[in-house]
Amino acid sequence: MKDDTKKGKRLGLGTAQYGMDYGISNRRGQNSLDEVKQILDEAKTLGIEMLDTSPNYGNSEEVLGKCLIKEKHFHIVTKTPVFDKNIITQKSGDILTEYFESSLEQLGCNTLYGLLVHHAENLLAPGGVYLAKSLLELKSRGLATKIGVSIYNSTQIDAILNIFEPDIIQLPINLFDQRLINSGHLTKLKKQNIEIHARSIFLQGLLLMEQEKLPKFFEPIKTNIGEYFVFLKENDISPQTAALNFVKNIEEIDYIILGVNSVDHLKENVAAFEKELNIDFTKFSISDEKIINPAMWELS
Ligand SMILES: NC(=O)c1ccc[n+]([C@@H]2O[C@H](COP(=O)([O-])OP(=O)(O)OC[C@H]3O[C@@H](n4cnc5c(N)ncnc54)[C@H](OP(=O)(O)O)[C@@H]3O)[C@@H](O)[C@H]2O)c1
């Protein structure tokens, strides 16, 4: 029987850093196999079930497969390969299926919890219907329980909902990036019974970074970040507690995916997640997409 009282039930682990160097604040680089095993063991103890991976995260799927032999505890969500959006054909649909079969093999699983289109633009491009067809076929064969899309903005959500019925949407949301709350898209998705997986909770670690270490690119928001950290200090709140409480209090979110590359950070985050805060963080939202979309960061 599942233990619903476990603390981490609503949390999920991102796995990009298991297969590649990932995260703006990550100084340790890619995790070793041993470190991944330790993180997954601890995650299981804490009741975390959801894992987010992708064939695009270096050898992350292979690493997970090695760590999860005979381990049936986790629900795994993987993604499609990224296609050139100018040439999506029947062949792309076949490639999607081949990649998914390879993901199953790498992960040592017969079925997976979810399969998401990694770049929503691929589904929206001419020929995107071939990808949708392959996704639906994998679902009807029982190989992927749920299918969906990872998105970056509300325009993509609207466009996707016009052509496809996703079971899951993975989206970015954090204390600085409150766009999808303000636009009403979270509510809209929930009304349609779509499972919401939130990522970028720490904005790749930016929300936890010591100010002196901020890359030059963030100079334009140095004052905003400074005020935010002063607020946390005055209220005796750790940045982890603030970032996690912000998303925890958004009831539309089903799973909160976060990236950690050490057991210590995992434990620290779950403890922070458990704390109850009742603070309105609205005033800390930042609207400049160049800042809140990591894909637009120019870091040397
Ligand atoms: N398009 C997509 O589908 C897409 C895009 C981006 C991300 N993702 C998924 O989301 C996952 C998470 O990525 P994200 O961008 O959302 O990352 P995030 O969770 O916002 O931030 C991760 C960063 O925060 C740092 N961190 C975490 N806990 C910490 C703590 N207690 N103290 C200090 N630093 C801490 C991590 O460093 P430590 O590792 O040192 O703990 C890591 O560098 C990825 O692994 C991937 O699975 C998907």
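In strand β8, the bridge partner of A198 is I256. That pair belongs to a predicted model, in which eight strands close into a barrel.

**Barrel**

- The strand order is β1-β2-β3-β4-β5-β6-β7-β8, and the pairing is parallel.
- Direction ignored, neighbouring strands of this sheet are turned by 25° against each other on average.
- Strand β7 covers residues 195–199, and strand β8 covers residues 255–258.
- Two bridges pair β7 with β8 in the parallel sense.
- One of the residue pairs here is A198 with I256.
- β8 also pairs with β1, again in the parallel sense, over three bridges.
- In that pairing, L13 stands opposite L258 of β8.
- On its other pairing, β1 runs parallel to strand β2 (residues 50–52), and three bridges join them.
- There, G12 stands opposite M50 in β2.

**Two faces of β1**

- Strand β1 spans residues 11–14.
- L11 and L13 point one way from β1.
- G12 and G14 point the other way.
- All four of these residues, L11, G12, L13 and G14, are buried.

**Ligand shell**

- The ligand is surrounded by 30 residues.
- The closest are G14, G23, G205, G259 and N261.
- By class, the shell holds eight nonpolar, 18 polar and four charged residues.
- At least two shell residues come from each of α1 (16–19), β8 and α12 (263–274).
- α12 gives the most, with three residues.

**Helix pair α4 and α6**

- Two packed helices are described by the angle between their axes and the distance between the axes.
- Helix α4 covers residues 90–107, and helix α6 covers residues 128–140.
- Their axes come within 8 Å and cross at roughly 35°.
- The crossing is right-handed.
- From α4, the contact uses Q90, S92, G93, L96, T97 and F100.
- From α6, the contact uses Y130, L131, K133, S134 and L138.
- By class, this contact has five nonpolar, five polar and one charged residues.

**I39 in α2**

- I39 sits in helix α2 (residues 33–45).
- Is I39 buried or exposed? I39 is buried, because 24 other C-beta atoms lie within 10 Å, and 20 or more are enough.
- Leaving out residues up to four places away in sequence, I39 touches V260, V263 and L266.
- D21 is 18 residues from I39 along the chain, and their C-alpha atoms are separated by 17 Å.

- S200 lies in the loop between β7 and α10 (222–234).
- L203 lies in the loop between β7 and α10 as well.
- S200 has a positive phi of about 60°, although it is not a glycine.
- L203 has a positive phi of about 50°, and it is not a glycine either.
- S200 counts as buried because it has 24 C-beta neighbours inside 10 Å.
- L203 is buried because 25 other C-beta atoms lie within 10 Å.

Note on methods:
Residues are numbered from 1 along each chain as its sequence is written. This is a predicted model: local features need pLDDT of at least 70, side-chain atom pairs count only at pLDDT 80 or more; totals for chains, interfaces and linings use all residues. Axes are lines fitted to C-alpha atoms, for helices over the stretch in contact, and angles run from 0 to 180 degrees between N-to-C directions. Helices (H or I, at least four residues) and strands (E, at least two) are DSSP runs, numbered from the N terminus. A crossing is left-handed if the near helix is turned anticlockwise from the far one by less than a right angle, and right-handed if clockwise. Two residues are in contact if their C-beta atoms, placed from the backbone, lie within 7 Å. Ala, Val, Leu, Ile, Met, Phe, Trp, Tyr, Cys and Pro count as nonpolar, Asp, Glu, Lys and Arg as charged, and the others, Gly among them, as polar. Two strands pair if DSSP finds at least two bridges between them. A residue is near a molecule or strand if its C-beta atom, placed from the backbone, lies within 6 Å of it. A residue is buried if 20 or more other C-beta atoms lie within 10 Å of its own, exposed if 12 or fewer, and partly exposed in between; C-beta atoms are placed from the backbone.
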